[in-house]
Amino acid sequence: MTSTSHDRLLIIDFGSQVTQLIARRLRELNVYCEIHPFQNVTEAFLKDFTPKAVILSGGPASVIDEGSPRPPEAVFGLGVPILGICYGQQVMMQMLGGQVESGHGTAEFGRAYVSPQEQQLHLLDGWFVAGAEQVWMSHGDHVSRIAPGFEVYGTSPNAPFAIIADLDRNFYAVQFHPEVHHTPNGAKLYANFVRMAGFTGDWTMHAYRDQAIAEIREQVGDAQVICGLSGGVDSSVAAVLIHEAIGDQLTCVFVDHGLLRKGEADEVVTMFRDHYNMRLIHADEQEMFLSALDGESDPETKRKTIGKLFIDVFQKHAAEVGGAEFLAQGTLYPDVIESVSFSGGPSVTIKSHHNVGGLPEKMGLKLVEPLRELFKDEVRALGRELGLPPSFIGRHPFPGPGLAIRCPGEITRQKLDILREADAVYIDQIRKHGLYDEIWQAFVAILPVRTVGVMGDGRTYDYACALRAVTSVDGMTADYYPFSHEFLGETATRIINEVPGINRVTYDITSKPPGTIEWE
């Protein structure tokens with residue numbers, strides 16, 4: 001699905017690690033944008049895409065090197081505003097008649113301060129109110145001579161051309177990264193740029209909902225669609241959106257593998273079957289999964305076993321639908337971006353944990369992916385637009401393998417039951433203290449050790465568990481949540497008193513990296 005009804009901004013990607021953040025900043029301004037790697041942006045592509053403005057991203061290469069990434073020359077002849085960021089500034093200068101050099105003591109990495117020049121620039125409206133602006137630099141090369149037509153509007157100690165512009169052509173370039181958190185007023189710069197480019201901020205979830213429904217109906221026609229419903233936010237929002245578009249042509253298959261949290265299967269089935277009146281197959285396959293996993297301790301074997309069985313079960317129950325031509329998935333825009341190889345062009349395979357493991361090809365199904373233009377926060381906004389309960393939209397992420405990867409060592413039914421109860425107490429505590437929405441993800445892991453304890457006058461020999469809670473923006477990096485000692489003490493007491501089988505509670509304070517959020 002491509003948004004042709006909105007003004008579009010093109011981000012040409014040169015391999016920066018933070019290019020996605022540019023798109024996030026623009027989407028927050030209700031501006032529709034797409035990221036495309038430089039090698040895919042041809043003159044024909046530009047003619048078809050018809051961007052209202054273009055941003056050239058940062059990147060790790062040196063424009064001085066032979067064969068370094070370049071946008072097509074045609075981009076500078078579009079007659080639209082262009083903003084170059086870091087490498088984007090340097091490649092703009094190199095191609096338009098300026099000069100870029102390496103090193104010589106002018107590299108900058110980290111926090112820097114940009115000072116204004118006397119002349120005014122609308123791109124910088126709201127900047128320099130209190131003097132120099134803090135920005136985030138990350139460059140080895142530097143512009144040593146600006147291209148004809150450009151003037152300087154901001155400087156830093158190691159970047160005399162930190163902010164430059166050619167007002168006649170509406171070309172702007174900065175040496176720093178306004179998209180990152182460490183450039184506090186970076187969002188204001190992007191807001192100024194899109195305002196100057198004439199964007200009206202019409203990219204709203206209400207508009208997207210109407211457009212998506214129309215395009216789903218056009219794509220599907222009168223065919224049947226099946227959806228693998230996990231109960232997570234992405235697949236749930238996709239299912240409700242598609243159901244609103246085509247009603248009973250959609251059948252969801254919810255596979256209950258026995259590795260869900262306490263009460264989760266009932267909650268999902270009740271909401272979708274009863275509240276939304278959807279056609280839903282509740283595939284209760286707990287015995288099959290738990291028998292296959294019983295006693296298994298290797299993390300990779302657990303994942304592969306669950307993945308294979310899920311495909312088998314889904315295929316079996318999907319056959320009950322009969323005549324389905326489409327498979328619905330909750331693929332998000334970051335998955336689409338990450339499926340593109342920067343050096344080798346686009347890949348046709350979305351990351352395996354975001355699709356149903358090769359089933360589209362195996363079953364001859366075509367894909368319906370109505371969320372593939374959205375970021376996670378936009379999916380939640382669309383869920384609110386569709387009327388999903390706030391408690392459901394705001395749920396913490398839950399891994400596909402479920403509790404299997406929160407049970408290091410051997411998996412047994414007893415350990416899973418203990419883990420479910422402990423996790424329920426922990427989440428109840430977090431909610432009671434009003435902390436749930438401050439935390440990206442929280443859960444309990446049951447450890448593969450038993451410890452001696454004393455309860456009353458008796459000796460216990462039970463399992464230890466670890467509490468995990470992290471804060472994060474996107475899950476790529478994370479830090480542990482700083483609970484008070486009072487909270488941890490109260491929670492440990494509740495778990496030990498209310499959950500038979502646990503006599504020791506610990507708190508995991510490892511960040512990511514070096515750790516991961518989940519234990520396996």
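Asp 234 lies in helix α6, residues 233-246. Helices here are DSSP runs of H or I with at least four residues, numbered from the N terminus. The model is predicted, so local features need pLDDT of at least 70 and side-chain atom pairs count only at pLDDT 80 or more, while totals for chains, interfaces and linings use all residues. Residues are numbered from 1 along each chain as its sequence is written, and side-chain values use heavy atoms, with hydrogens and water left out.

Asp 234 has a relative accessible area of 12% and is therefore buried (under 20% relative accessible area, with a 1.4 Å probe and protein chains only). Its side chain makes a polar contact with the side chain of Lys 376, at 3.0 Å. A polar contact is a pair of N or O atoms within 3.5 Å; within protein, one must be able to donate a hydrogen and the other to accept it, and residues adjacent in sequence count only if both atoms are side-chain atoms. Beyond the neighbours within four places in sequence, Asp 234 is in contact (heavy atoms within 4.5 Å) with Gly 330, Leu 332, Leu 371, Lys 376 and Val 379.

Helix α1, residues 19-28, is mostly covered, with seven of its 10 residues buried. Among them are Ile 22, Ala 23 and Leu 26. Just after α1, Asn 30 takes a positive phi of about 60°.

The largest nonpolar core has 47 residues, and those that touch the most other members include Tyr 426, Phe 483 and Ile 495. Such a core is a set of buried Ala, Val, Leu, Ile, Met, Phe, Trp, Tyr and Cys residues joined through side-chain atoms within 4.5 Å.

Notes. Buried means under 20% relative accessible area, exposed over 50%, partly exposed in between (1.4 Å probe, protein chains only). Helices (H or I, at least four residues) and strands (E, at least two) are DSSP runs, numbered from the N terminus.
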